[in-house]
Amino acid sequence: ELKLSQDLEANKQNAIDFYRSAYEGRPREAVEQYVGDEYIQHNPLVGNGTQPFVDYFTEMAEKYPDKQIEFVRIVAEGDLVALHTHQTWPGDEEYVTMDFFRFDDDGKIIEHWDAIQQIPASSANGNTMY
């Protein structure tokens with residue numbers, strides 16, 4: 001059966017739940033629940049496919065168990081979901097990330113892109129990165 005449109009609200013929630021599960025140290029469960037038949041990775045620090053993803057987030061959880069994440073914005077269109085996050089890591093390092101996930105017709109994640117930037121101490125415009 002051909003789906004004419006993605007379920008944008010479900011995809012948004014699934015992207016959040018996938019990201020939170022991996023970030024909080026449950027990457028294998030995240031993959032099992034939310035990833036489709038393939039996982040194309042564009043982050044240059046993580047290998048392609050699901051096992052490198054699991055390995056990367058398992059190591060991050062072991063090294064940095066107290067990191068925190070806040071989902072600031074979630075935007076969905078077509079088969080894409082974009083997440084704008086605020087991450088706080090040990091040592092009060094803060095990062096802004098923008099992640100894009102592509103979903104298949106069954107509502108499973110099959111591709112990921114991201115950009116990560118450390119939040120600078122000062123800003124020429126006085127605005128936050130959120």
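Trainee: How many aromatic pairs are there?
Mentor: The count comes to 13 aromatic pairs. Keep in mind that this is a predicted model.

Trainee: Take Tyr19 and Tyr23. Is that pair stacked, tilted or edge-to-face?
Mentor: Tilted. The ring centres of Tyr19 and Tyr23 are 6.3 Å apart, and the planes meet at 50°. Edge-to-face would need over 60 degrees, and stacked would need under 30.

Trainee: Is Tyr19 buried or exposed? And Tyr23?
Mentor: Tyr19 is buried, at 9% relative accessibility. Tyr23 is buried too, at 3%. The cut-off for buried is under 20%.

Trainee: What about Tyr64 and Trp89, what kind of pair is that?
Mentor: Edge-to-face. Tyr64 and Trp89 have 5.0 Å between ring centres and 70° between planes.

Trainee: Which parts of the chain does that pair link?
Mentor: Distant ones. Tyr64 is in the loop between helix 3 and strand 2, while Trp89 is in strand 3. They are 25 residues apart.

Trainee: And how covered is each ring's residue?
Mentor: Tyr64 is partly exposed, at 31% relative accessibility. Trp89 counts as buried, at 15%.

Trainee: Back to helix 1. What does Asn11 touch, beyond its neighbours within four places in sequence?
Mentor: Asn11 is in contact with Gln6, Val81, Phe103 and Gly107. Asn11 lies in helix 1, which covers residues 8-23.

Trainee: Is Asn11 buried or exposed?
Mentor: Buried, with a relative accessible area of 3%.

Trainee: Let's zoom out. How many helices and strands does the chain have?
Mentor: Three helices and five strands. In sequence order the pattern is α-α-β-α-β-β-β-β.

Trainee: How does the radius of gyration compare with a compact globule?
Mentor: It agrees. A compact globule of 130 residues would come near 14 Å, and this chain has 15 Å. The C-alpha trace spans about 50 × 35 × 20 Å along its principal axes.

Trainee: How much of the chain is buried?
Mentor: 37% of the 130 residues.

Trainee: Last one. How many positive and negative side chains are there?
Mentor: There are 10 positive and 25 negative. The centres of the two sets lie 2 Å apart.

Conventions
Residues are numbered from 1 along each chain as its sequence is written. This is a predicted model: local features need pLDDT of at least 70, side-chain atom pairs count only at pLDDT 80 or more; totals for chains, interfaces and linings use all residues. Side-chain values use heavy atoms; hydrogens and water are left out. Helices (H or I, at least four residues) and strands (E, at least two) are DSSP runs, numbered from the N terminus. The radius of gyration is taken over C-alpha atoms; the globule rule is 2.2 Å times the number of residues to the power 0.38. Buried means under 20% relative accessible area, exposed over 50%, partly exposed in between (1.4 Å probe, protein chains only). Lys and Arg count as positive and Asp and Glu as negative; His and the chain ends are not counted. The place of a charge is taken as NZ of Lys, CZ of Arg, CG of Asp or CD of Glu. Contact means heavy atoms within 4.5 Å. Rings of Phe, Tyr and Trp (its six-membered ring) pair if their centres lie within 6.5 Å; planes under 30 degrees apart count as stacked, over 60 as edge-to-face and the rest as tilted.
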